[in-house]
Amino acid sequence: TEIYTLSLHDALPIYQSVYGVEANGKNSFSHKEKLTYEIGSGVNAMGFVIRRGNYLFQAPLAFYTKTRTWDLAPGYRGHDVGFSRAISGRCIACHSGLPQPVPNRSGLYNDPPFQELAIGCENCHGPGQLHVEARMKGELVAGCRDRTIVNPAKLPMWLASNICMSCHEDGDAQVLKPGKSFIDIRPGVPLDDVVALFKLRPERGSAAQSALLDRYGEMISSKCYDSSGGRLGCLTCHEPHMEPSAEKAVGYYRSKCLSCHTDKSCGLPLKVRLSESPANDCAGCHILKQNVSLPHSSITNHRIVVAPGEPNPEFLFRPDTAGLADLIHLDAILVTEKVGVASLTLLQAYRQASLSTDVPKYIESYRAVLDQLATTQPGNPVVLSALAQRAALGGESADTDKAIQFLKQALASGSTDQGDHLLLAELLVRKGRPPEAIDVLRKGLRHDSYYASYYQLLAVCYMKIGNHRRAREILQEGLQQAPENHILRQLFNKINSPVPLLN
């Protein structure tokens, strides 16, 4: 049994700890960390970050404001990773001002990790240096727009919504463009220049399904959006600088609905609407709340419906400007002619789609794009990694030697992916070549020194060559990083067991 605890020392600092209890009641391990940063406005919850050197990790417990309780943080339901969940650039870019993650390194940040702690003006308005310099010089705005700063209200609606989507839309697949990271996103510049977001195209007659971050995808699935000709966007209903109070929310959002509709648009008689509590609540009837996997939380589904359970509208099944029949390119740059999506981007999108659903067409699309790229971009590390996985996991047609060759090429071409290092090491062990696997894992540890899976397999490799002393040292190093990791503990107990070890 593992138990998470919270401790206060004169109010500050705050510590979280986890310890294990064996069947005999004795403690098997303990791990305590000081909370370094708090994330979140506190409207729904507050999460916490721990810092170990220049690495940042998520703390396992979060504080949920509405219930005023501590519970497992987002990402920990069904994934007990203790204090080893690295904070990615994708997450921190939306929860801070100016983060400084090191490219292609998991959880590693420059010092200091943040140039600006809280979400600031530049998150939505872009870099402010030119604007500040112009105002300090007393320069007047030329024309009707101040071009030294981004004003989302002056942008085309799709481009303004791109700013919101960068944090409030994950889609079903998100693919960074080559050489880009999430901190390259800039307000006023198309989001698709940095990351392509895709949504699985739904089946006809199916009810809408919602994810935690699918606000824009839900909105464009609404008849209101289709009828608006693209004029409906995030700013139509939301004022970024102001959240209406609970007392004013009904009237505030009703006024937004009435900017397009009239009071006669509603099919319910006024007497019935006024008898509801709260009365005459457009959003309460047509933009529904739903529970999510996060504890003590609910979210608003941004698809506008006439009634609950309404099937997806027919227009969702029309290919968009990208010409895709099975995916919706959510952040496609708005153009009238069809613009294709790069094959490398599609490969990664179809891979994510095939992992999130068992619909065969996504696996088939993935394979078709991979076959094409194997000819057109055979030296790309992403393609090499995909070819290796197909060769290694091909069932009866699996070709381990070919997979090893592909993975070695991927790493030589610059891949720092943890999965590539780990799979190559596993395949080398399978072929009876643990010394080579040890070299691969040591290179992986130089990039990600907190990745427990490297320590696990590295210890196994040393066991296989009979170097139990070195295996024990590797396990001790891993347990210093993550004493709560049950696989590391099991291996450590095994190697210290009086029963002879089998290679």
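Tutor: Pro112 sits in strand 10, which spans residues 109–114. The peptide bond between Asp111 and Pro112 is cis, with omega at about 0°. Before we go on, bear in mind that this is a predicted model, in which local features need pLDDT of at least 70 and side-chain atom pairs count only at pLDDT 80 or more, whereas totals for chains, interfaces and linings use all residues. Residues are numbered from 1 along each chain as its sequence is written, and side-chain values use heavy atoms, leaving out hydrogens and water.

Let's step back to the loop that joins strand 9 (99–101) to strand 10, where we find Asn104. Asn104 is not a glycine, yet its phi is positive, at about 60°. Asn104 is exposed because its relative accessibility is 61%; the cut-offs are under 20% relative accessible area for buried, over 50% for exposed and partly exposed in between, using a 1.4 Å probe and protein chains only.

Arg68 is another non-glycine residue with a positive phi, near 50°. Arg68 lies in the loop between strand 7 (61–64) and strand 8 (69–72), and it counts as exposed because its relative accessibility is 62%.

A cis bond also links Ser277 to Pro278, again with omega about 0°. Here the proline is in a loop, between helix 9 (270–275) and helix 10 (282–286).

Strand 11 (residues 173–176) runs antiparallel to strand 12 (residues 195–200), and four bridges join them; two strands pair if DSSP finds at least two bridges between them. Ala173 has Phe198 of strand 12 as its bridge partner. In a regular strand, side chains alternate between the two faces of the sheet. In strand 11, Ala173 and Val175 form the covered face, while Gln174 and Leu176 form the uncovered one.

Finally, look at Thr357, in the loop between helix 11 (343–356) and helix 12 (360–376). Thr357 is buried, because its relative accessible area is 18%. Beyond its neighbours within four places in sequence, Thr357 is in contact with Leu200 and Tyr362, contact meaning heavy atoms within 4.5 Å. A polar atom of the Thr357 side chain also lies 3.3 Å from the backbone nitrogen of Val359.

How values were computed:
Helices (H or I, at least four residues) and strands (E, at least two) are DSSP runs, numbered from the N terminus. A polar contact is a pair of N or O atoms within 3.5 Å; within protein, one must be able to donate a hydrogen and the other to accept it, and residues adjacent in sequence count only if both atoms are side-chain atoms.
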